[in-house]
Amino acid sequence: MSEDVCIYQRINSIYSKNVYSIHMSKKNHHMYTVPVPDLRELNEIYSNDYSFAAHKVIDFEKGIRAHYLFGKIRRFLFEGNRVLELGPMYGHYLAILKRHGFTVKGAELSSIGVKECKQKGLDVINSSAEQFLAEVTEKYDMVHLSHSLEHFLRPEEVLQGIYQVLNQGGKLTILVPNNQSKLIRLFGKAWGYWAVPVHLNHFSEVSLRSLLAKSGFKTVFCATQGGDSLMWLGSILNLVGVKLSSNDRIAKVGFAKKLILLLASFLFLPWLYFGNDDLVLVAEKVSK
């Protein structure tokens, strides 16, 4: 008997004309996007269509979320000094760590994000996580992944690379969408965090703990928090059947869209404290 089952079919994407489905392993509730896009398609999406501009509009909300995360896991963070973040986007979390005395480094695929990070005085280079991990020679006390792991074609290889650059006993902190979110009961296949095809993997706590254990990490902390306003807005638009054309993507933010994004940010920010759309895990490197 197959251990995989199709959970949702015919999921539309704002990034592609293709239609996708979500499949699940019955063994550990891990879910994944089908069909899997190739690297060329993903690079084209990230270069042209990904919603970095929309994230910039809700900059204030992103800052609050970064501070909330820091408060949630800070007791695990003061055993070392050197921190690496893979995919920091606009650098909110790294900026907080730097203000608390950490030596920070980042690798960001978006040149827009790198420029913003440098304006904050952060040491962030323009590189994919895979390329950075293959070339880096320094060791780190902590590595942070915030809504990055679900984007990787081969997350197990990224975790193996992180294992190599961490000092023994070093910490890995991860945020990913939670495929056991209670909002899925409301939105189903319209849930904004499915985000096909850029979200390739959809983790449960069980499946993420299992993947970390196979990669040489022991999970020492797990919690949940609510998703951001873009998740809510995407869910609502998907539910009512609003489809963005190739000339009207959310990445291109005009005045009207900016007002909608700001209103949604104001309305849905409190959900951070009540929802369970994000998994927050802290794991420690152990001997294999």
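Mentor: Let us begin with a definition: two strands pair if DSSP finds at least two bridges between them. The model is a predicted one. In it, Ile 11 has Tyr 20 of strand S2 as its bridge partner.

Trainee: What joins S2 to strand S3?

Mentor: S3 (residues 31-34) is connected to S2 by 4 bridges, again in the antiparallel sense. His 23 has Tyr 32 in S3 as its bridge partner. The hairpin of S2 and S3 has 5 residues between the strands, and His 29 there takes a positive phi near 65°.

Trainee: Which strands stand at the edges of the sheet?

Mentor: The open sheet has 4 strands in the order S1-S2-S3-S9, with antiparallel pairing. Strands S1 (4-11) and S9 (201-202) each have a single partner strand, so one side of each lacks a neighbour in the sheet; these two are the edges.

Trainee: Why is S2 called largely enclosed?

Mentor: A residue is buried when its relative accessible area is under 20%. In S2, 5 of the 6 residues are buried, so the rest of the structure largely encloses this strand.

Trainee: What makes strand S4 mostly covered?

Mentor: By the cut-off of under 20%, 4 of the 5 residues of S4 (residues 82-86) are buried. S4 pairs in the parallel sense with strand S5 (residues 103-108) over 5 bridges, and Val 83 stands opposite Val 104 in S5. From S4 the chain passes through helix H4 (residues 92-99) to S5 in a right-handed β-α-β crossover. S4 is also joined to strand S7 (residues 140-146) by 3 bridges, running parallel; there, Leu 84 has Val 143 as its bridge partner.

Trainee: How do you know that the buried residues of helix H9 line one face?

Mentor: The buried residues of H9 (residues 205-214) are Ser 207, Leu 208, Leu 211 and Leu 212. Seen down the helix axis, they fall within an arc of 135°, so they line one face. In general, an α-helix has 3.6 residues a turn, so residues three or four places apart point the same way. On the other side of H9, Val 206, Ala 213 and Lys 214 are exposed.

Trainee: What covers the buried residues of H9?

Mentor: The cover includes helix H7 (155-165) and strands S8 (166-177), S10 (217-225) and S11 (278-285).

How values were computed
Residues are numbered from 1 along each chain as its sequence is written. This is a predicted model: local features need pLDDT of at least 70, side-chain atom pairs count only at pLDDT 80 or more; totals for chains, interfaces and linings use all residues. Side-chain values use heavy atoms; hydrogens and water are left out. Buried means under 20% relative accessible area, exposed over 50%, partly exposed in between (1.4 Å probe, protein chains only). A crossover is right-handed if, with the strands pointing away from the viewer, the path from the first strand over the helix to the second runs clockwise. The arc is that of the directions from the helix axis to the C-beta atoms. Contact means heavy atoms within 4.5 Å.
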